[in-house]
Amino acid sequence: MIQERLRGLLAEAIGELRRDGVIPDGVTALAELQRPARPEHGDFSTNVALVLSGELQTPPRALADRIVQALPDADWVAKVTVAGPGFINFFLTHAWLQDTLRDIARLRERYGRWDSYDDVEDGRVQVEFVSANPTGPLHVGAGRNAAYGDALARLLEAAGHSVDREYYINDAGRQIDLFGRSLEARYLQALGREAELPADGYAGQYLVDLGAELAEARGDELVGHPEDIRAWGVERMLEGIQATLERFGVLFDTWFSEQVLHDTGKLTEALGRLQDAGVTYELEGAVWFRSTQFGDSRDRVLVRSDGRPTYLMSDTAYLIDKVERGFDHAVYVWGADHHGAVASLEAVRRALKLPIVVEILLYQLVNLYSGGEVVRMSKRTGEIVTLDELIDEVGADAARFTFLLRSLDGALDFDLDLVKAKSQENPVYYVQYAYARICSILRTGAERGIALGPIEEAPLAELVHESEQALARMLSEYPETVLVAARLRAPHRLTTYTRELAALFHAFYRDCRVISDDPQLTQARLWLAETTRQVLANALAVLGVSAPEKM
RNA sequence: GCGCCCGUAGCUCAGCUGGAUAGAGCGUCGGACUUCUAAUCCGAGGGUCGGGGGUUCGAGUCCCUCCGGGCGCGCCA
């Protein structure tokens, strides 16, 4: 890549200054390359002189001048200037942008993927996300988790990591119990018998329907078998969740049952390890974890005084299991309301010295608006807007794109009326429209007998218009955008990228007629359009949003 | 009280490990389809980056402090 060649030039210049004694040994010079925001600042710039001047007590501009003088000649560098406080700006010949287009044409869907690099520091990464309790259908809030977790998994893969997607099923404990008893009541009611929903039970309509369905399917044969009723209900809920996620474009490698951890003695085993480590104690009949010793704000209960394990106990066994399955890096996608549990899980990892990186990503909650009012959702009261309903209303693409528009750190306002009524104005259509427009141009070309020839024969040097240059430049930034987005765990950076790329294409379309009387120029512009199409397709694939050829 | 997140244009938000003159969409006003998709484009207007202090050649970005908002602080999950 061009950046590597520029770094090479800089390294040579710095080396020469070292030999001359201008830069003493022991002073490191990190040649940091940037893409200047303004064209008058060149194609690339470096602040190396500014950074060095602080250590050397030399005026930065003078130092920059010395570095520039020491730079070896290169025919692909048109001009080097020193500007501002001491930036060194590189102006390159247009050849490197032509190389970018040829790279894209050659690599196609692999452009911007770093799979081929072996120096993956994170080893096997597991991304665990959604993991909503199977006590009801997924609601809109889970949509943010699903869209984010899935896009993150795709992004990490694009950045070269080996990724497993996992859904942790909370099919043990009090909530599932309550769910089972609620379903039992609805089931009995459906059979015409006297039954009352437990206090705090799940009141949603979906359970009424489920009870009726059970009565229909099995008659009264499950009466008096609450365990079977619960198991049947959980199974049905999971089927529904899985179907919803599939519509949403989200597929998991593993569905991991908490109950299995209980049944196979993993919790007892985990407790034993903590006890062996000497980090537990008993108090008032409960077993506590001395997590304050490992950075937590207070100690936590592992086993209640009635003998039942806490969620932390399960999470500990689960984390150990992740290590045993060979993961080096465990990513958790949690709602911000769980942030209190972050420190205790990290404390577990430290107490047991588990050889795994625990990375917990918290997303701020989704506020759903309807009719200008916040919609309060609660599974127990049954007041929910389901993810399925959202997909019905706006489609999976618009929903995913909307969830991936913003950084995880901010609360997300999802205005149903706005997205329903004005779905044309959703930014996803802006990007998809650019894609469809390119496809249309390529179709028109083909219809007129102007097919895309070999890129080697296209006179890419004729792409000199400002809009063409800006577009090609943006295409060249795609691979590093993927890396930065992956490193920051920020798929929304890719979303932003697609919007900017689409905008630059629309500007190019305005300024430059692709199919014209000039067959040579037409070939060059067709290739610029085609490579833009390819990069849009690649980026949308990482976001899990479709790229339609017609709109 | 303690912890995490947020505060950038009228609204919703981008802004990479600190870089050069802080950006976009929506909304407002005014324009552009006989020609490759007008779900598009062009122009105008709009800012004490919550306030204050500090570090730095350089701060929306880092540190301290205050103000405002959201979430959490159970032998609930």
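## A walk along RNA strand B

Let's start at the RNA: a polar side-chain atom of Arg 304 sits 2.6 Å from a phosphate oxygen of RNA strand B. This is a predicted model, in which local features need pLDDT of at least 70 and side-chain atom pairs count only at pLDDT 80 or more, while totals for chains, interfaces and linings use all residues. Residues are numbered from 1 along each chain as its sequence is written, chains are lettered from A and ligands numbered from 1 in the order in which they are written, and side-chain values use heavy atoms, leaving out hydrogens and water.

A backbone N or O atom of Ala 436 lies 3.2 Å from a base oxygen of RNA strand B, and for a backbone N or O atom of Glu 549 the distance to a base oxygen is 3.4 Å.

Now step back to the 60 residues around RNA strand B, of which His 339, Asp 409, Tyr 433, Arg 437 and Ser 440 come nearest. A residue is near the strand if one of its heavy atoms lies within 4 Å of it. The largest share of this surface, nine residues, comes from α15, which spans 427-447. Helices (H or I, at least four residues) and strands (E, at least two) are DSSP runs, numbered from the N terminus.

Finally, visit Gln 126 in strand β5, residues 124-128. Its side chain makes a polar contact of 2.9 Å with that of Lys 322; such a contact is a pair of N or O atoms within 3.5 Å, and within protein one must be able to donate a hydrogen and the other to accept it, with residues adjacent in sequence counting only if both atoms are side-chain atoms.
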